[in-house]
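Take a look at the protein below.

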Amino acid sequence: MRNQVKIKLSRSWQVTIGRSLSKISLSRKELWLLLACLLASMLLVPARVMAQAEAVTGADRIFQPIVDVMSTLLFFKIGGENGFPFIVLWLFVAAIFFTLRMGFINFRGFKHAIQVVQGKFDDPHDEGEVSHFQALATAVSGTVGLGNIAGVAIAIQLGGPGAMFWLTLAGLFGMVTKFVECTLAVKYRRVLEDGTVLGGPMYYLTRGLSPRGMRPLGQGLAVLFCILCLGGSLGGANMFQSNQAYAAISSLIPGLPAWLFGIILAALAGFVIIGGIRRIGGVAEKLVPAMAAIYAIACLIVIVVNIAQVPAAIGTIFREAFAPTAAVGGIVGVMVQGIRRSSFSNEAGVGSAAIAHSAARTDEPIREGIVALLEPFIDTVVICNMTAIAIILTGVYQDSGEELSGVAMTSSAFASVIGWFPIVLSIAVCLFAFSTIISWSYYGIQAWVYLFGERTTIIFKCLYVFCTFLGCLVSLGLIIDFSDLMLLGMAFPNLIGCYILANEVAGDLKDYWQRLTSGQMPTFDKQLAYETSDQT
């Protein structure tokens, strides 16, 4: 190709940029001044002008070719027009491979994962910034969202009830993908002198591959991952979420100005984000159980009201998983919709959750990996299936047509039982959106730190908060498609590293499991009891 620019896969350019930006140091007074300017820009940008951005075609001309190319690369189909999109197959095959290689740790390690989350193995003296539960809550808050509400409805609409069987199966396999990437994130994290943790795929791609003689490959994959992570965090994980939060709340409070809601949401997000992972984890551990409980209770009420039809609904899922109607594209079409929505929902293989789990307070990487495998179970196997059963029981998917899909279909299922239930759904959407915004801010910050240095994070935080505000005002269009594709693209560098390091994880798991089952790994309470008895 002519005029081709060669990119050297080294860290020299990172060091150059990092040194330049690391000179930026903000005092407390300058920080408040910067935040004041940010708030002023929110107030001074008229909503009318922002709304007109939708009509501007310049951005479309820039993003459309990029989106087309990325879509072709990620979603080209293997096996003809009715085959599997490549990205779906890439994620699903990896999940199956890791499940087999790790000896079905998703099943045999489930009980131990519950014990760890309960704090039975927590040692406050271990390195890290958050507890096992806080790390799990932060990661779950980043994945539980519109995918569990709108994504499930879309899967049923396009693939029929049978799609839920494949969605669940993909979720069970995805548990082990999360285990592998989160184990590596803790093993290869960096802990600074002040206790701050730097971790995620970018660190195990460089620090894990370098001893194997793959330093240039690891650095190149790490930089690619961070660039994709920054794009995904600002767009689909931030602006889209705030946009949907406003759409949900405006249905409850008609006439609420978008700019006012944007300022409130951005202020709340900024308060949490600027506090770092400790505050994010503290908010997540309270917010996630609350929002999950609200949504689960609503789904359970719908299920209880239609309890007599539950066996038939489950039977429909299994029957149509293997004998679907021609309208949904046969069995391949059903499998594609189920696996695709599962991947979008729990993000297993994307590498995002590994960033949150890397901050866990532990000296056992395998232990945090086992905690992480609970995430797809909660997100996909439990919450997604509760949504699906509610939709199938009420039958809204059968007569929905083109005009009713996504959140509207789930809302219709809720309304069929109690008229005001869509209000509960709107509140749940807002909570899900806010939790995703704060969790993905941490992911973006870690990617930013890797590329540009720790001292400049205030720049990204302010940019992130402003994008939260901006998302409430504009129709995002192709920008969201672009950022979503970047988010999915994170799976390529991440899973390449996971494949290369899979044997290492399997060896660590074997050693950990032997120590656990032989009694060499007592709970923290028993350990204290032993130490006390020895002293006396």
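Trp259 sits in helix H13, which covers residues 258-274. Keep in mind that this model is predicted. Is Trp259 buried, partly exposed or exposed? Its relative accessibility is 36%, so Trp259 counts as partly exposed. Together with Leu260, Ile264 and Leu268, Trp259 makes up a nonpolar patch.

Now step back to the whole chain. The protein chain has 536 residues, and 56% of them count as buried. Its secondary structure consists of 26 helices and four strands. The accessible surface of the chain is about 22,700 Å². Carbon and sulfur atoms account for 64% of that surface. What about contacts along the sequence? Take the contacts between residues at least 6 apart in sequence: 84% of them join residues at least 24 apart.

Thr316 gives a view of one such region. Find Thr316 in helix H15, residues 310-322. Thr316 counts as buried, because its relative accessibility is 12% and the limit for buried is under 20%. Which residues does Thr316 touch, leaving aside those up to four places away in sequence? They are Pro161 and Tyr397. Thr316 and Ile392 are 76 residues apart along the chain, yet their C-alpha atoms are separated by 8.7 Å.

Next comes Glu375, in helix H19. That helix runs over residues 374-394. Glu375 counts as buried because its relative accessibility is 0%. Leaving out residues up to four places away in sequence, Glu375 touches Leu136, Ala139, Val140, Thr143, Lys178, Asn346, Ala353 and His357. Hold on to Asn346, one of these contacts. Asn346 also belongs to the lining of the largest cavity.

How many cavities of 30 Å³ or more does a search of the whole structure find? The search finds one. The largest cavity holds about 80 Å³ of space. Its lining is made of Leu91, Phe92, Ala95, Ala170, Gly174, Thr177, Ile339, Ser342, Ser343, Asn346 and Ala348. Which of them gives the most? The answer is H16, with four residues.

Side chains of opposite charge can pair when their charged atoms come close. The structure holds six salt bridges. Start with Lys187 and Glu504, whose side chains meet in a salt bridge at 2.7 Å, N to O. Lys187 belongs to helix H10 and Glu504 to helix H25 (residues 502-517), so this pair ties together parts that are 317 residues apart in sequence. Lys187 is partly exposed, with a relative accessible area of 32%. Glu504 is buried, with a relative accessible area of 18%.

Lys187 has another partner. Its side chain meets that of Asp508 in a salt bridge, again with 2.7 Å from N to O. Since Lys187 lies in helix H10 and Asp508 in helix H25, the pair ties together parts that are 321 residues apart in sequence. Asp508 is partly exposed, at a relative accessible area of 28%.

The side chains of Glu504 and Arg212 form a salt bridge, 2.8 Å from N to O. Here the link runs from helix H25, which holds Glu504, to the loop between helix H11 (201-209) and helix H12 (215-252), which holds Arg212. These two residues are 292 residues apart. Arg212 counts as partly exposed, because its relative accessibility is 39%.

Now put the pairs together. Which residues do salt bridges with shared partners join into one network? They are Lys187, Arg212, Glu504 and Asp508. Find each of them in the structure and trace the links from one to the next.

How values were computed: Residues are numbered from 1 along each chain as its sequence is written. This is a predicted model: local features need pLDDT of at least 70, side-chain atom pairs count only at pLDDT 80 or more; totals for chains, interfaces and linings use all residues. Side-chain values use heavy atoms; hydrogens and water are left out. Patches are made of residues with over 30% relative accessible area and no salt bridge: like charges are joined within 9 Å, nonpolar side chains (Val, Leu, Ile, Met, Phe, Trp, Tyr) within 5 Å. Accessible areas come from the Shrake-Rupley method with a 1.4 Å probe; for residues, only the protein chains shown count as cover. A salt bridge is a side-chain nitrogen of Lys or Arg within 4 Å of a carboxyl oxygen of Asp or Glu. Buried means under 20% relative accessible area, exposed over 50%, partly exposed in between (1.4 Å probe, protein chains only). Contact means heavy atoms within 4.5 Å. On a 1 Å grid over the protein atoms alone, a cavity is a set of points where a 1.4 Å probe fits but cannot get out, and a pocket is an open set with protein on both sides within 12 Å along at least five of seven lines; lining residues have an atom within 4 Å of a point. Grid points are joined across faces, edges and corners, and a volume is the space filled by probe spheres set on the points.
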